[in-house]
Amino acid sequence: MRAFGIIAMGFVLFVSGGATCARRQPAIPYPPPPVVFNETPTLQEVATVVNRTANVQQLSTNSASIELLSMPSVPRLSATMNLQREKNFRLRGSIPILLGMGFDMGSNQDVFWFEVPEDMSKKLYYASHQAYQQQLDRAILPVDPTWIMDALGLAQIDPNTVVAGPILLPDGKLQVRSTIASSIGNYQRDLFIEPKAGYVTDQYLYNPSGQLVAQSQASNHRYYEAQQCVLPHRVDLNLVPGAGMGPPLTMRIDISDYTVNQLLSGDPNLFTMPTSASRQVDLTTLSGGMPMAATGTSPNTSTGIGTRPIVSGPSEYSADASSAYPLRGTIR
């Protein structure tokens with residue numbers, strides 16, 4: 001679908017921005033984070049350690065880059081980023097060949113947006129968070145783009161929403177499943193957690209029909225002593241649109257350095273949606289027309305656990321030869 005292609009590229013820009021640049025050498029791994037678990041932890045213990053990321057209220061970087069793994073012909077892009085919990089997010093950049101015509105992507109407590117060049121003018125795509133959440137079953141993007149903030153290492157665990165876990169997997173990782181209530185039904189989120197240091201490495205999000213709609217894989221983690229938490233400096237993302245809306249969109253974000261709990265901008269309008277674009281499009285008016293259909297078996301209504309859908313895209317996390325979904329272990 002052409003509309004998803006346009007919106008998907010806009011979402012890419014939402015998490016990238018910036019100009020093309022030469023491919024960089026792989027990042028040098030950071031020292032391993034300190035050990036916090038010497039044996040399989042309880043749910044409360046896992047939540048306590050994962051939720052230390054609440055100590056990170058702001059993140060900024062001027063040294064990020066993005067690679068479109070599903071679009072290998074597109075060169076690596078440079079990026080800058082400022083975020084502030086819970087929904088404030090801003091990325092701005094420019095491409096020199098467009099004579100200063102830049103990209104402007106962001107979010108605040110009410111709306112999210114991305115502004116892109118169109119001919120010699122600008123086009124702004126935007127949506128209210130509340131309105132977009134109410135139509136996710138037929139939206140062009142399968143998730144609200146602020147999901148990227150969780151993928152960047154800020155995910156939290158509410159023990160009251162956990163339906164299974166922590167389950168110890170054959171490779172030693174821990175798996176925790178939660179439900180996320182929405183106006184269209186309950187989503188399910190699987191978190192995979194490093195068993196010794198207690199940080200999230202992988203996330204999977206399934207819509208109420210059981211379809212995988214978003215996935216992240218994080219690596220190159222660094223321990224931030226002042227905040228006593230771990231943040232990834234490489235994140236692979238995969239977005240899976242609804243049936244008939246286009247192929248999965250896969251990208252990799254690398255961050256060289258973060259400034260924690262400080263914004264690298266003195267702009268008082270940093271998280272204000274721009275208004276200068278000659279054309280503005282409300283994303284809630286663009287939809288696939290039909291609810292997203294599951295590509296596999298829906299979750300079992302008695303346990304909440306079902307057969308993993310078959311999806312295209314990057315290889316999915318697996319602790320061994322079998323799939324990480326459904327959960328293996330006792331359902332709590």
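Colleague: Where in this predicted model is N220 found?

Modeller: N220 sits in strand β11, which covers residues 212–224.

Colleague: Why is N220 called buried?

Modeller: Its relative accessibility is 17%. Buried means under 20%, so at 17% N220 counts as buried.

Colleague: And what is phi for N220?

Modeller: About 50°, so to speak on the positive side, although N220 is not a glycine.

Colleague: OK, on to Q228. Where does Q228 lie?

Modeller: In the loop between β11 and β12, the latter being 229–239. Phi of Q228 is near 55°, again a positive value in a residue other than glycine.

Colleague: Why is Q228 called partly exposed?

Modeller: Buried stops at under 20% and exposed starts at over 50%, with partly exposed in between. Q228 has 44% relative accessibility, so Q228 counts as partly exposed.

Colleague: Now the backbone omegas. What is omega for the peptide bond from R85 to E86, and is that bond cis or trans?

Modeller: Omega is near 5° there, and the bond from R85 to E86 is cis.

Colleague: Where does E86 lie?

Modeller: E86 is in the loop between β2 (77–84) and β3 (88–94).

Colleague: Which residues does the cis bond with omega of about 5° join at P166?

Modeller: G165 and P166. As for the setting, P166 is part of strand β7, residues 162–168.

Methods:
Residues are numbered from 1 along each chain as its sequence is written. This is a predicted model: local features need pLDDT of at least 70, side-chain atom pairs count only at pLDDT 80 or more; totals for chains, interfaces and linings use all residues. Side-chain values use heavy atoms; hydrogens and water are left out. Helices (H or I, at least four residues) and strands (E, at least two) are DSSP runs, numbered from the N terminus. Buried means under 20% relative accessible area, exposed over 50%, partly exposed in between (1.4 Å probe, protein chains only).
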